[in-house]
Every structure is written in C-alpha cells, then in structure tokens.
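Trainee: Could we go through this structure together? I would like to start with the aromatic rings.

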Amino acid sequence: MTRKMRGKRFTMIDQMEPALKGTEYDLYFGPAHPGSGNFGVKLKIDGEIVVSARADPGYLHRGFEKLMEYRTPIQNAILSDRLCILEPLNWNLVHAEAVDELMGIDIPERAKYIRVIMAELSRIQSHIIWYGVFSIGTGFDTGFKMSFGYRDYILDLFELITGGRVYPAGYICPGGVRRDLPNGARDKILKVLDKMEEMIKLEELENPALGARAKGVGVLKVKDAIRLGATGPVLRGSGMDTDVRKDEPYEIYDRLDFEVPVGKEGDVYARYWIGIEEIKQSIKIVKQALKELPEGEVIASNFKKPKIKFKMPEGEVYVRNEIARGEAAIYMVSDGSGTPYRIKVRGPDFLHMIPVLEYLLKGVQIADVPAIYWSLNICPADMDR
Amino acid sequence: MKLGILPKLLQNLFSKPMTVKFPHESIPIPDGYRGEHKYDIDKCIGCGLCAEICPNRAIEMVEASKEYKDKYPKKYPKIDLGKCCFCALCEDICPKDSISLTKNVFLSTFDSSNVLKYPMPKNREQ
C-alpha cells in the first residue's frame, strides 16, 4: 500500500509546476559574469532548461538625455562618444547629422567622405569585437584573442587620425570633421584593410565546434523579429532585407556600391555570418571612398573654431543611421537657445537586450545562453544610456 | 581540412607575436595625440574661454600666487586632469595657442594632488 501511495505521489509531483515541486531555481547571468558587460539576466531554471528569463538592466545608466540638455552641441559631440564604448564614431555621426540637419549646414564634400570612412572603420572594429566576444561566449578563446589583436590595427588608425585610441572626442562634429586626414593616412588605411581581409579568412575557417554550438540555436523568425523591434544584423539574420544606408541614404552612401547581406534561418549561426559579410562590405565601402576622396575643406567655415555662444534655430529633427548594432537615432528638439531643449536617444540594443533576448532565452538549455546572448551583438552602454 | 591546420601552425611557430614587450619597447605615439596639457603662461591672456568650453568643467580660472601677482595680474587656468576627458576643445578654442595637448600618456600617480596642474609652481603652497 505504501508503495502504491508513494508511486501515486511521485506521479503527481511530476505533473506539478517546477516552482511548486521545488526543482526550479534562479541563475544570475551577469552583471559580474566575465564578459556579460554591465548587464544581467535573471534566469529561472528547471534542470537544464531555462523556464523564463528576465533582463536586469540599469548598471550603466548615466543619464545622457539629461546631460545633453545642459551642453552646447559642440560639447555634446564629445559626450556622444560615450553612448557606446565599442563604436563611438558611429554615434558621433548620428549626433552630428542631427545638429547639421537642424541648423541646415552644408557639409564640405571631403568631410562627408571622411565621415563615411571613419564610420565604416568603426563598424569593422565593432564587428570584430562581436566575433571575439561570441567566440569567448562559446568557449573558443583563440578567436577572442585573435580578434582583439586585429582590432588594435584599427585602433592604431584611430590614434593617428583622431588623436585617441578608443574615444575620438567628437571627431565627427557638427559641420564636418575636426581634423583632416594626416599625411600617409590613406596608405595606412589600405594596409590595415589588408590585415582585416586576413582576419576574415581566419573567421571563415569552418569550425565544427562552433557549428554545433550555433546551428539551429536561438531561432528568431522574421515575424517575431519585427514584432519585438529588432533592427540591423539581428533582423537581417532573420531574413529581412533592410538597411538604413540603402533605405534612407545619408552622407554619400547613395553613391557607393555595396550589398546588404541577408541571412535565412534566423539562428545564431546566421547572425554570425552576417557579421563576417558586413566586414567585407565595409572594406569595400572604405576602399571606394578612399578612391573617390576629393580635396578641399573638412569643416564648414563657421565651425572652424568652437564657439561658446551657440545659436540653434527652433525646430525638431529625427535622424536615423545604421550603426554596427542596428538602427540608431537621435530625436532633438531645439527652442532657439544654444542648448537642445530635449534629446531622445534611440539605441538599437534596448530592444535587442530586453524583448528579443527574453524571448529567445525561453526554453533553451543553459549552455546555449551565452551563445544566444553574444550573437545579438550587444552593448550595455548604448542600452542603458 | 585535416591538413589545413599544418601550414598555419608552422607559420605561427616562426612569426612574431602581435604584441610588443611594453616597458622595453612601445608602439610610437603619433603626432596630434591628445595627452597631457602643455600650458604657456606667457602667451595666455586670461580670457577664460578654455574654462567655459570645457565639457567636463575640468578647468578653473585661479589667481596667481603672491610672488607672481605683480607679473601676472589676471586669472589663469588650473587644470584638473582627473576630470579631463582629453577632448582638446581648450586647445582648439585658445586664441593665443597657450594650451596644447602633448603626447604624454603616462599620467597615473600615487599622489592625488599631482592630477591638478596649476598655472605656476608656487600656487600649490598657498
């Protein structure tokens, strides 16, 4: 009789919810996880399976939108570096374009080319970091070290051109760019691009361990991707052909010849390939822009010296750009004084790191969590702002 | 695929590492790097533009110390390197080129008072 009761009790427990039967427990992925960034995910786990995931943001909140209200656009250009640690030049460009459009400034032709060259170099190094952190997330340490080694060649270029390795200090500023390319920069850029092609060859090596970790994991269907607000490489990995550089060209992108890589499956592996293909396209863009680089001024005449008394006309503007992580935008309202009345920063990672990540982590194995997390090309700095 | 690794292995055995042995050799820093400030008080006119443009408010205009007061009657910039973001706006805005950023990047110190750059040496003792 006891055996029978016991048997009955066990079957009942098996049918119970994990929370009631006591096998469910919490697992904190971050914020102190090596490489998760200043961001955490609270996972509810039953055995090996993730029952639910809850993003835990806010560790890197610096209040950019408010800080920018108290500074002139020239000072904000420097602040806009800090929006994303991994690609400051792209955020410089978004901010500079917003001010340019609000003030109606004509940018010199050479400045437009330099802006695109710098933005694309920034995209390449950001994608290389993506490959590196994805490698370390899936246990491939060589990839991590390799990618950070190759990324330093681009940082050397930034050091030469902007004067800082990581933070360019508003190199792309309202009105153009702060300095012209130094002598010999063109040859050095071409030399670094050759190194990047070398890096791509290493990335493309078929790695069976990576295939096992990435294929068929974290599938995001295109319908869900749109519903959850994914943009950029994540949406393209799911199979939608979209790119702000093509859909709504800014600067000189309408004159350049490049393709938008689109994946099909929407899994981790598809997103990983999008990253590699985009580096190839960026190299193509930089080579074209360097070939057609015209001579002339690099900054509009009334921006040559920074000014303390800054006048912005009344109005509002919304500028969107394609950065490495997706679609970045700045909404700026001016009330006619020197400082913006309101700035809203739309970072691509807010939606990638909260709704998309929570959706993808539901029902996967614990071992797949880092692979999915890193495949989204995330940056906590840009999400928390 | 099976032999694919072998050429790479041999190549790596005889190639140089990507890094340099830092204290003994270092990657040269290019001109135009944004490092520690160089300040020339004799060129300075004390206009205070650098203090106003500074996005981090790292520059404060202070009076010269007693010994120098007769020679330098105006207010001069005191730079707090701990607050500085090395954006070089002060260099760009200076009408007399008295502030410029140098290539010196070795700024770490054990003494927190070293991060303050006074316009003249005697100011510190005041």
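Mentor: Gladly! Rings of Phe, Tyr and Trp (its six-membered ring) pair if their centres lie within 6.5 Å; planes under 30 degrees apart count as stacked, over 60 as edge-to-face and the rest as tilted. This is a predicted model, where local features need pLDDT of at least 70, side-chain atom pairs count only at pLDDT 80 or more, and totals for chains, interfaces and linings use all residues. Residues are numbered from 1 along each chain as its sequence is written, chains are lettered from A and ligands numbered from 1 in the order in which they are written, and side-chain values use heavy atoms, without hydrogens and water.

Trainee: Which residues do ring pairs link into a cluster?

Mentor: Over all chains, the search finds 14 aromatic pairs. Ring pairs join one group in chain A into a cluster: Tyr131(A), Phe134(A), Tyr269(A), Tyr272(A) and Trp273(A).

Trainee: How are the rings of Tyr250(A) and Tyr253(A) arranged?

Mentor: A pair of aromatic rings is described by the distance of the centres and the angle of the planes. For Tyr250(A) and Tyr253(A), the centres are 5.1 Å apart and the planes at 70°, so the pair is edge-to-face.

Trainee: Is Tyr76(B) buried or exposed?

Mentor: Buried means under 20% relative accessible area, exposed over 50%, partly exposed in between (1.4 Å probe, protein chains only). Tyr76(B) has 3% relative accessibility, so Tyr76(B) counts as buried.

Trainee: What share of the 385 residues of chain A counts as buried?

Mentor: Tyr250(A) and Tyr253(A) are both buried. Over the 385 residues of chain A, the buried share is 58%.
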